[in-house]
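Hi everyone, thanks for making time for this. I'd like to walk you through one structure, so please have a look at the screen and stop me whenever you like.

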Amino acid sequence: METALQTKVEESRSELIQLVSFKLEQEEYGVNVLKVREIIRMPTITRVPNTPHYIEGVINLRGKVIPIISMRKRFCLPEGEISSQTRIMVMDMDGELMGFVVDAVSEVIRISESEIQPPPAVVNSAVEQECLSGVINQTERLLFFLDLEKLISRDERQLFSGMM
């Protein structure tokens, strides 16, 4: 039988996680900081023929060829202009590095896992429902927590590794 005190102790032990937040259009998203290897400015991207529409191409990052994915195109958002805020978030996807083009990287946020609420059944977002791990309600904003493994399927990752 749990007491209120035991429940409070368990809640306070709820694991802290850090998210890197980024923007696409007017919406803000977060991914686990442990997945992010680095954040870079937009380099010259080499196009690769016969790839899905959301693949911008590849870049050479210190001798390693990395596929670059447009998050706008992946989420079927209108193409935006590349600005001084546009960044590539280089992420570790099951040991493979992939770059994701985002409008801007905002900040690193430290939250308790208990702050992540399940996504509502109907989300007013361009993101495919299954890619959302949850929603974080911070005072003036909502932040969508993304599951990158569900965003890019294993088959797609194999296709990308074939590009390199």
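Let's begin with Tyr29, which has 0% relative accessibility; that is under the 20% cut-off, so Tyr29 counts as buried. Keep in mind throughout that this is a predicted model.

What lies around that tyrosine? Counting ring pairs, we get 3 aromatic pairs. One of them joins Tyr29 to Phe75: the ring centres are 5.9 Å apart and the planes meet at 40°, so we call this pair tilted. Where do the two partners sit? Tyr29 belongs to strand β2, residues 27-32, while Phe75 is in the loop between α2 and β6 (87-93), so the pair ties together parts of the chain that are 46 residues apart in sequence. And is Phe75 buried or exposed? Phe75 counts as buried, at 3% relative accessibility.

Tyr29 has another partner, Phe144. Here the ring centres are 5.8 Å apart and the planes are at 35°, so this pair is tilted as well. Phe144 is in strand β11, residues 141-146, and Tyr29 in strand β2, which makes this a link between distant parts of the chain, 115 residues apart. Phe144 is buried too, with a relative accessible area of 9%.

The charged end of Arg74 sits over the ring of Tyr54, at 4.8 Å from the ring centre.

Let me zoom out for a moment. The protein chain has 4 helices and 11 strands. There are 164 residues in the chain, and 43% of them count as buried.

How much space lies in the largest pocket? About 280 Å³. The largest pocket is lined by 17 residues, and the closest to its centre are Glu56, Ser70, Gly80, Ile82 and Val101. By type, the lining divides into 7 nonpolar, 3 polar and 7 charged residues. Which elements supply at least two residues of that lining? Those are α2 (71-74) and β7 (96-102). Of the elements, α2 gives the most to the lining, with 3 residues.

Asn50 has a positive phi, near 60°, and Asn50 is a residue other than glycine. Asn50 lies in the loop between β3 (36-41) and β4 (55-61). With 82% relative accessibility, Asn50 counts as exposed. Asp94 also has a positive phi, about 55°, although Asp94 is not a glycine. You'll find Asp94 in the loop between β6 and β7.

Thanks, and I'm happy to take questions.

Notes:
Residues numbered from 1 in each chain as written. Predicted model: local features only at pLDDT ≥ 70, side-chain atom pairs only at ≥ 80, totals over all residues. Heavy atoms only, no water. 1 Å grid on protein atoms, 1.4 Å probe; cavity = no way out; pocket = protein on both sides within 12 Å on 5 of 7 lines; lining within 4 Å. Points joined across faces, edges and corners; volume = space filled by probe spheres on them. Nonpolar A, V, L, I, M, F, W, Y, C, P; charged D, E, K, R; others polar. Phe/Tyr/Trp six-rings, centres within 6.5 Å; stacked < 30°, edge-to-face > 60°. Buried < 20%, exposed > 50% of the residue type's maximum accessible area, 1.4 Å probe, protein only. Lys NZ or Arg CZ within 6 Å of the ring centre and 35° of its normal.
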